[in-house]
Amino acid sequence: MKTSNEQLMEKMKNHESVQIGFTKIYADGNPPWEIGKPQPPFEEIADQVMSPVLDCGCGTGNTSLFFADRGLKVTGVDFVEEAILQARAKADERNLSVEFLVKDAMTLCEWDKCFASIIDSGLFHIFDKDELGLKQYLKGLTHVLKPGGRLFLFSFSDKMESLGVDGMTKQELYKTFADGWEIESLKLVRGECNPIFVAEFPEWNPNNGEPKMWFAIIRRKE
Ligand SMILES: C[S@@+](CC[C@H](N)C(=O)[O-])C[C@H]1O[C@@H](n2cnc3c(N)ncnc32)[C@H](O)[C@@H]1O
């Protein structure tokens with residue numbers, strides 16, 4: 001019998017049911033990644049993020065709102081309507097202006113927009129390493145990011161294998177961004193998780209053991 005954590009991982013990895021899976025996670029409440037603020041590495045590099053910003057897979061908008069509060073022009077997209085509704089409500093509450101759109105990241109290639117910075121906090125690793133979806137997503141990022149613009153990426157690493165997660169190795173990341181991109185910095189960092197989730201699954205406590213998430217700054221070549 002699979003634990004609910006294993007079922008959650010399966011839902012997130014099965015490409016066909018991925019949107020249904022995420023919609024259900026938001027409907028159930030308390031997604032594991034919902035921490036009410038950006039993941040710590042985004043706060044550390046905040047000065048390097050330039051306007052206009054795209055927050056891709058923005059969830060309930062915590063990172064978008066952080067950068068909007070710093071005076072940046074931000075667009076947040078997510079393919080789950082409930083997440084976007086919650087993001088808009090947070091923006092209203094905080095009197096911040098952010099464009100939050102229900103949008104599938106697979107469709108970025110069809111979008112007539114250009115950003116100086118893209119935030120990806122937990123979306124990239126949802127695509128299976130060898131699937132066409134990842135290629136389509138990268139093509140879309142290249143389409144909407146201006147030459148010289150930067151992708152700020154927070155993503156599962158291969159150090160998370162024991163948690164049932166198939167994150168990339170350093171070599172795989174470099175290979176993925178070999179054409180048209182330059183990885184300017186890459187380090188392992190600690191991510192934060194919703195405390196309710198950590199109480200149920202202590203093995204996900206980010207303070208256990210070594211840092212296990214990648215944080216990369218990746219420039220789109222001119
Ligand atoms: C792990 S969560 C991270 C949410 C948010 N970035 C954060 O750090 O709190 C991943 C988000 O990506 C969204 N997502 C997954 N696949 C997507 C796609 N193809 N297009 C748009 N959003 C997607 C999910 O709905 C979810 O909100």
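## Before you start

Residues are numbered from 1 along each chain, following the sequence as written. Because the model is predicted, local features need pLDDT of at least 70 and side-chain atom pairs count only at pLDDT 80 or more, while totals for chains, interfaces and linings use all residues.

## The strand in the middle of the story

Let's begin with strand 2 (residues 74-78). Helices (H or I, at least four residues) and strands (E, at least two) are DSSP runs, numbered from the N terminus. Five of the five residues in strand 2 are buried, so the rest of the structure largely encloses it. "Buried" means 20 or more other C-beta atoms within 10 Å of a residue's own; 12 or fewer makes it exposed, and anything in between partly exposed, with C-beta atoms placed from the backbone. Both faces of strand 2 are covered: Val74, Gly76 and Asp78 sit on one side, Thr75 and Val77 on the other.

Strand 2 has partners, too. Strands pair if DSSP finds at least two bridges between them. Strand 1 (residues 53-56) runs parallel to strand 2, joined by four bridges, and valine 53 stands opposite valine 74. Four bridges also link strand 2 to strand 3 (residues 99-102), again in parallel; here glycine 76 has phenylalanine 100 as its bridge partner.

## The nonpolar core

The largest nonpolar core has 45 residues, and Val53, Cys56, Ile118, Leu151 and Leu153 touch the most other members. Strand 5 (residues 145-156) gives the largest share, six residues. Such a core is a set of buried Ala, Val, Leu, Ile, Met, Phe, Trp, Tyr and Cys residues joined through C-beta atoms within 7 Å.

Of the 21 residues around the ligand (C-beta atom, placed from the backbone, within 6 Å), Gly57, Gly59, Ala105, Ser121 and Gly122 come nearest. Helix 2 (18-28), helix 4 and strand 2 each give two or more residues to this shell.

## A loop residue

Lysine 113 lies in the loop between strand 3 and strand 4 (115-121). Lysine 113 is partly exposed, because 13 other C-beta atoms lie within 10 Å. Valine 144 is 31 residues away in sequence, yet its C-alpha is 5.8 Å from that of lysine 113.
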